[in-house]
Amino acid sequence: MVSGLVQGVYFRANAQKQALALNLTGYAKNLPDGRVEIVAKGPAEQLENLIAWCHHGPRAARVSQVLWQWQAADFKGNGFEVC
């Protein structure tokens, strides 16, 4: 979960670009409360790189908090989607 000014600044599209470059699968979607939810599946090192990117996001974003947790991935899709 990424909080701050993260909607309307192409955060999801840039998260998708980062995830695809890291060969991760999953999705990024806006939540009604203004946060962006990211679910990603892949090797731990690549996931850590995506988490690190989330702390700053694209240039127009102002990230105030990143909350994450490791868990069994139940995402079954291919690629990385923007919802």
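1. **After helix 1.** Asn 23 follows helix 1. Its phi is positive, near 60 degrees. The model is a predicted one, so treat this angle, like every value below, as computed from predicted coordinates.

2. **Two faces of helix 1.** Helix 1 spans residues 11-21, and Phe 11, Ala 15 and Ala 19 are buried in it. Viewed down the helix axis, the buried residues fall within an arc of 65 degrees, so they line one face. The face turned away from that buried side carries Lys 17 and Ala 21, both exposed.

3. **What covers the buried face.** Several elements contribute to the cover over the buried residues of helix 1. Among them are strand 1 (2-5), strand 2 (25-30) and strand 3. Helix 2 (44-54), strand 4 (62-66) and strand 5 (80-82) are also included.

4. **The nonpolar core.** The largest nonpolar core has 18 residues. Val 2, Phe 11, Ile 38, Leu 50 and Cys 54 have the most contacts inside it. Helix 1, strand 3 and helix 2 each supply at least two residues of this core. Helix 2 gives the largest share, four residues. As general background, nonpolar side chains tend to be buried together in soluble globular proteins.

5. **Leu 50.** Which residues does Leu 50 contact, leaving aside its neighbours within four places in sequence? They are Ala 15, Gln 18, Ala 19, Leu 22, Leu 24, Ile 38 and Ala 40. Ile 38 is, like Leu 50, one of the residues with the most contacts inside the core.

6. **Glu 37.** Is Glu 37 buried or exposed? Glu 37 has 17% relative accessibility, and the cut-off for buried is under 20%, so it counts as buried. Glu 37 is found in strand 3, residues 36-41. Beyond its neighbours within four places in sequence, Glu 37 is in contact with Met 1, Tyr 27, Ala 28, Lys 29 and Leu 31.

7. **Cysteines.** How many disulfides does the structure hold? It holds zero. Cys 54 is in no disulfide, and the nearest cysteine sulfur, that of Cys 83, is 15 Å away.

8. Cys 54 counts as buried because its relative accessibility is 5%. Cys 83 has 45% relative accessibility, so it counts as partly exposed. Cys 54 is also among the residues with the most contacts inside the largest nonpolar core.

Notes:
Residues numbered from 1 in each chain as written. Predicted model: local features only at pLDDT ≥ 70, side-chain atom pairs only at ≥ 80, totals over all residues. Heavy atoms only, no water. Buried < 20%, exposed > 50% of the residue type's maximum accessible area, 1.4 Å probe, protein only. Contact = heavy atoms within 4.5 Å. Arc of directions from axis to C-beta. Disulfide = S-S within 2.5 Å. Core = buried A, V, L, I, M, F, W, Y, C linked by side-chain atoms within 4.5 Å.
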